[in-house]
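Subject: Structure handover

Hello,

Here is the structure I promised you. My notes follow below it.

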Amino acid sequence: MSKKEETLPVVEGYVAEQKTISLVWGNVLAVLLIALAAAVGFALMCVLWGGIHFNPMGMLLFSAGMLIGIVVHELVHGITWLVMLKKSFSHLSFGFMKGCAYCHIDVPMEKRSYVVGALMPLLLTGLLPWLAGIVANSWVWMMIGAVMIGGAAGDIMIVRALRHEASSTLVYDHPSDIGCYVYHKEQP
């Protein structure tokens, strides 16, 4: 299934500019982020706890955690945007596109709201479990966090593509590709 087909919203006095990211470069960044987070996490656990203690049940828990993490990651995008925009769940759609899970919202929003919603899963499903795993000496939680940090690579790249836009700029989640549209005022 791909993102639902829809027409781009017309915002009077504005013209839309497409900003998409490369799936290949997104995957390269994801692998690099996972490797870095895992290496730093394991190193910190060795320093803090004298090593890592693997157990057979850990792989099962890790696998289950990854599946749950993917769903939660997308829900966090959607719920964050809905709360910030005070909109209903009917504005969201979920699915898979180009082998990646996605959450799409069909409402243009200010850049700051888009960025918060884009990065919230990095914090809640990536960085927090990663840190909790290190502190609790749990390689399972640390690795779930590391992989979910990598899973936010596309979100990070999209936010980076928006870095020069004003915080009040309107942004619309791309309905059929990885990225968004930015609305600029039309020049007279």
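This is a predicted model: local features need pLDDT of at least 70, side-chain atom pairs count only at pLDDT 80 or more; totals for chains, interfaces and linings use all residues.

**Gly 65 in helix 2**

Gly 65 sits in helix 2. Gly 65 has a relative accessible area of 15%, so it is buried. Ala 166 lies 101 residues from Gly 65 in sequence. In space, the two C-alpha atoms are 37 Å apart.

**Overall layout**

The protein chain has 5 helices and 6 strands. Their order along the sequence is β-α-α-β-β-β-α-α-α-β-β. The C-alpha trace spans about 65 × 30 × 30 Å along its principal axes. The chain has 188 residues, and 44% of them count as buried. Take the contacts between residues at least 6 apart in sequence: 74% of these join residues at least 24 apart.

**Helix 2 against helix 4**

How do helix 2 and helix 4 pack? Helix 2 covers residues 56–85, and helix 4 covers 139–151. The angle between the two is about 35°, and their axes are 9 Å apart. The crossing is right-handed.

Helix 2 brings Gly 58, Met 59, Leu 61, Phe 62, Gly 65, Met 66, Gly 69, Ile 70 and His 73 to this contact. Helix 4 brings Trp 139, Val 140, Met 143, Ile 144, Val 147, Met 148 and Gly 151. By class, the contact of helix 2 with helix 4 holds 11 nonpolar residues, 5 polar and no charged.

**Helix 3 against helix 5**

Now the other helix pair. Helix 3 runs over residues 111–135 and helix 5 over residues 153–161. Their axes come within 9 Å and cross at roughly 150°. That angle makes helix 3 roughly antiparallel to helix 5, because angles over 145 degrees count as such. The crossing of helix 3 and helix 5 is left-handed.

On the helix 3 side, the contact is made by Tyr 114, Val 115, Ala 118, Leu 119 and Leu 122. On the helix 5 side, it is made by Asp 155, Ile 156, Ile 158 and Val 159. Which classes do these residues fall into? The contact of helix 3 with helix 5 has 8 nonpolar residues, no polar and 1 charged.

Helix 1 spans residues 23–49, 27 residues in total. From first C-alpha to last it reaches 37 Å. That is close to the 39 Å expected at 1.5 Å a residue. The buried residues of helix 1 are Gly 26, Ala 30, Leu 33, Ala 37, Ala 38, Gly 41 and Met 45. They pack against helix 3, helix 4 and helix 5.

Ala 146 is placed in helix 4. Its relative accessibility is 0%, so Ala 146 counts as buried. Which residues does Ala 146 touch, leaving aside those up to four places away in sequence? They are Ile 34, Ala 37, Ala 38 and Trp 130. Ala 37 and Ala 38 are also on the buried list of helix 1. Ile 105 is 41 residues from Ala 146 along the chain, and their C-alpha atoms are separated by 26 Å.

**Two backbone angles to check**

Most residues other than glycine have a negative phi. Two residues here are listed with a positive one.

- Lys 98 has a positive phi of about 55° and is not a glycine. Lys 98 is in the loop between strand 2 (92–97) and strand 3 (100–105). With a relative accessible area of 48%, Lys 98 is partly exposed.
- Asn 137 has a positive phi of about 60°, and it is not a glycine either. Asn 137 is in the loop between helix 3 and helix 4. Asn 137 counts as partly exposed, at 24% relative accessibility.

Best wishes

Conventions
Residues are numbered from 1 along each chain as its sequence is written. Side-chain values use heavy atoms; hydrogens and water are left out. Axes are lines fitted to C-alpha atoms, for helices over the stretch in contact, and angles run from 0 to 180 degrees between N-to-C directions. Helices (H or I, at least four residues) and strands (E, at least two) are DSSP runs, numbered from the N terminus. Angles under 35 degrees count as roughly parallel, over 145 as roughly antiparallel, 65 to 115 as roughly perpendicular and the rest as oblique. A crossing is left-handed if the near helix is turned anticlockwise from the far one by less than a right angle, and right-handed if clockwise. Contact means heavy atoms within 4.5 Å. Ala, Val, Leu, Ile, Met, Phe, Trp, Tyr, Cys and Pro count as nonpolar, Asp, Glu, Lys and Arg as charged, and the others, Gly among them, as polar. The expected span of a helix is 1.5 Å times one less than its number of residues. Buried means under 20% relative accessible area, exposed over 50%, partly exposed in between (1.4 Å probe, protein chains only).
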